[in-house]
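Work through the exercises below with the sequence and the 3D structure at hand. Each task is followed by its solution.

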Amino acid sequence: MISDTQLEPAMRRAFELAARGPERGVNPRVGCVILSPGGEVLAEGWHRGSGTAHAEVDALGRLADPGLARGATAVVTLEPCNHTGRTGPCARALIAAGIAHVVYAVSDPGAARVVPDPVTGELAASSAHGAQTLRDAGVSVRAGLLRAEGEALLGDWLASARLGRPVVTVKWASSLDGRGAAADGSSQWITGPEARADVHAWRSRAEAIAVGTGTVLADDPALTARIEGVLAEDQPIPVVFGRRAIPADAQLKSHPHTPIQVSGADLEADLRELYALGIHSVFVEGGPALASSFLAAGLADTVLVYLAPTLIGGPRVAVTDLGITSITQQQYLVFDDVQRLGSDLRIVAHTTGEK
């Protein structure tokens, strides 16, 4: 077996290859390097998006001679898949090619992973782990090489695959006393320009921005990331929760992506529907009602708060009823980051699921 001094550089190269693939979409970004028994690089490959060859198959196809695969080692960022979608299972392609060893960084969520059917979009559990299929065929398998780096590369795709729904960030901006607007409903602007610019940076990293129909009717938001370098096709997809119709003259009708509207009656079902469409991250900033609904349902993975050094008072709180009637029921968060942006504070926290 090739030593770690040869495997680790190959894995880091596989990470570089994986990063060339599309950041968004149904499939993860994956890279593969094939090494000879002596550790020399024979071929490289990466996944270029849904419907194209997976990284392992791409690398096998780039061998100068297919026979070179026999006895070789495949170094892959993610455990080879074992299911058939728009392409065949990579585990079986490696076996058929004669690969003797497979080393990967991150285990595929496997049977616990819920995936959308490539034709119908319906969700179903994927088949057994590719690693077991490889072992059953006599291929030696090593998992977890540079796993932390691999998980960081996969980001929201990995988290959402484990959850079976998109990763959710709930954002709000408020005064120091927790108000999201003045008594008359005006809220522009509680925070300063630095905080507002930071919001657009967060928007640009999300696959979808979500608001409720109340926000669409009251504020007519554009739901775009207004940041330099973001192309129209890279804008997050607008999602509207609620049954009321989107007005024909709403700004959303001019969005680069057609808005997706879900009922809002069952947030978990709505999120599964978005996941089936290939959406792995949702940025919720649609007013206190929608934010509170996600928090109350336990569906907020990250909480992003911009806190301004101002006092407003009155009834327009940033977060409304969470179904908490006693202090013993309070939701606990863990602060991940606190930064000063101009005169405001930005707080990033994650939920623990504890009350």
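Glu 8, Arg 12 and Glu 149 are joined in a network of salt bridges (a side-chain nitrogen of Lys or Arg within 4 Å of a carboxyl oxygen of Asp or Glu). The model is predicted, so local features need pLDDT of at least 70 and side-chain atom pairs count only at pLDDT 80 or more, while totals for chains, interfaces and linings use all residues. Residues are numbered from 1 along each chain as its sequence is written, and side-chain values use heavy atoms, without hydrogens and water.

**Exercise 1.** Find the salt bridge between Glu 16 and Arg 13, and state how the two are placed in helix H1.

Step 1: the closest N and O atoms of Glu 16 and Arg 13 are 3.1 Å apart.
Step 2: both belong to helix H1 (residues 4–18), where a spacing of three residues separates them by about one helical turn. Helices (H or I, at least four residues) and strands (E, at least two) are DSSP runs, numbered from the N terminus.

**Exercise 2.** Which parts does the salt bridge between Glu 44 and Arg 13 tie together?

Step 1: the closest N and O atoms of this pair are 3.0 Å apart.
Step 2: Glu 44 is in strand E2 (residues 41–46) and Arg 13 in helix H1, so parts 31 residues apart in sequence are tied together.
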